[in-house]
Amino acid sequence: MALVLHSSANKNAYKALIVAEYTGAKVELAKDFQMGVTNKTPEFLKMNPIGKIPVLETPDGPLFESNAIARYVARLTPDCPLYGSSLIDYGRIEQWIDFSASEIDVHIAGWLYPRHGFRLYLPPAEKAAIANLKRGLGALNTYLASRTYLVGEGVTLADIIMVCNLGFGFKYILNKSFTLEFPHVERYFWTLINQPNFKKVWGDLEQAESVPPVASKKSKEAKKEAANPKEVDDEEEAPKPKAKNPLDLLPPSTMILDDWKRLYSNTKNNFREVAVKGFWDMFDPEGYSLWFCDYKYNDENNVSFVTMNKVGGFLQRMDLCRKYAFGKMLIIGSEPPFKVKGLWLFRGKEIPRFVLDECYDMELYEWTKVDINDEAQKERVSQMIEDAEPFEGETLLDAKCFK
């Protein structure tokens, strides 16, 4: 007889269901389960007084907490290979289960739930969640550089729980421009999520295309009213014309950004005399502004390729403003920790609001507006444009351009 798992279909329920696929245990989701209804009934609250899901009915009584349920299902099979083949394997499996919960899952939720209106949205809290998630994914990425699985040479319980937690993020908020920074995590995730036993439970997972916007008060009220919808007209409202970007409404500038980008790209010799001089000849302080940026967490930049991937991911996510911006990002130093500094040219006299709102990396940097009347600052701009080396007395590890 199958064990009944009381839950909606979600990543926490999927942990036990995937374990069952590997071990042959019989586990099935409860029929007609309704979140917000079934889990508030007296019968459910006897199994879990908090009303959280999932809950597994066993011959010895109910069991809740998804990782505990997955462990229980795994142990139903004697000598279960999902727990490794030695004591150290077992310890490492438990290690990565804990890591997945405390360094990955909690920070994905801390980023996603406020944006969906399930928690209070606070920008500093979101910034901390993203930074902590990047730290966890960075560590995981480094570990997976030479490995296919977390422990040993095959799927273990650690992989099942890690991939389910990652799957939640990949599906709802971790878009390609974010995960690009962690190529080994990407390889690991897509390899496992497409294994038959995973795919049977998850189906075809599609990665989020963008970070969801912060839920407005109106959208939150709409969710509350969904149970008692008001009458609406049968006819669909005609689509409204797309609003113009505020930067397109600024007065014309004498600086043509595409002309500058073309000059930068085509100058191969005498760069200072041609491209840099051309930049200052073109620059219009009434129509554009220059900004220095300094990464706030340089002490964490201890691995060169991870640091370069981090900057590359930032530039990918800045694609939303390519029409209005030009940027240079320098990775500085011959030994860790490496420093990340940048120079950005933006349309308008301030950093565009939509960039600050939509590119979360912006909060990971300190931004300082360039005073073009200060010759020292102008010279620093020139050096950053031409990738001058040494820069401020240090070696350049890499230089990236956004154009």
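Select R317 and E181: both residues are buried. In this predicted model, R317 forms a salt bridge with E181, and their closest N and O atoms are 3.2 Å apart. R317 sits in helix α13, whereas E181 belongs to the loop between α7 (176-179) and α8 (183-193), so the pair ties together parts that are 136 residues apart in sequence.

Next, select residues 304-317, which make up helix α13. The helix has 14 residues and reaches 20 Å from its first C-alpha to its last, close to the 20 Å expected at 1.5 Å a residue. Its buried residues are V306, T307, K310, V311, G313, F314, L315 and R317. When reading that list, recall that an α-helix has 3.6 residues a turn, so residues three or four places apart point the same way.

Now bring up the sheet beside this helix. Five strands, in the order β8-β5-β7-β6-β9, form an open sheet with antiparallel pairing. Which strands stand at its edges? They are β8 (365-369) and β9 (396-402), each of which pairs on one side only. Neighbouring strands of this sheet are turned by 15° against each other on average, direction ignored.

Inside the sheet, select β6 (residues 325-332) and β7 (residues 339-347), which pair in the antiparallel sense over 8 bridges. On this pairing, G327 stands opposite W344 in β7. Show helix α11 (residues 257-266) as well: this helix packs on the sheet, touching β5 (288-295), β6, β7 and β9, and its direction makes about 40° with that of β6. Helix α13 packs on the sheet too, touching β5, β6, β7, β8 and β9, with its direction at about 15° to that of β9.

Move to the other sheet on this tour. It is an open sheet of 4 strands in the order β2-β1-β3-β4, and the pairing is mixed. β2 (27-29) and β4 (61-64) stand at the edges with a single partner strand each, so one side of each is left without a neighbour in the sheet. From one strand to the next, the twist averages 30°. Select β3 (residues 55-58) with β4: the two pair in the antiparallel sense over 4 bridges, and T58 stands opposite G61 in β4.

Helix α1 (residues 11-23) lies across β1 (3-6) and β2, running at about 145° to β2. Helix α3 (residues 66-75) lies across β1, β2, β3 and β4, running at about 125° to β4.

From α1, pick E21 and then K200. These two form a salt bridge, the closest N and O atoms being 3.4 Å apart. K200 lies in helix α9 (residues 196-202) and E21 in helix α1, so the pair ties together parts that are 179 residues apart in sequence. K200 is exposed at a relative accessible area of 62%, while E21, at 30%, counts as partly exposed. The count for the model comes to 25 salt bridges.

Finally, colour by pLDDT. The protein chain has a mean of 90, and 93% of its residues reach 70 or more. Over residues 223-240 pLDDT stays under 50, and the model has 3 contacts for them beyond four places in sequence. Where pLDDT is low, the predicted coordinates should not be read in detail.

Conventions: Residues numbered from 1 in each chain as written. Predicted model: local features only at pLDDT ≥ 70, side-chain atom pairs only at ≥ 80, totals over all residues. Heavy atoms only, no water. Pairing = 2+ DSSP bridges. Axes fitted to C-alpha atoms, helices over the stretch in contact; angles between N-to-C directions. Contact = heavy atoms within 4.5 Å. Expected span 1.5 Å × (residues − 1). Buried < 20%, exposed > 50% of the residue type's maximum accessible area, 1.4 Å probe, protein only. pLDDT = per-residue confidence, 0-100. Salt bridge = Lys/Arg side-chain N within 4 Å of Asp/Glu carboxyl O.
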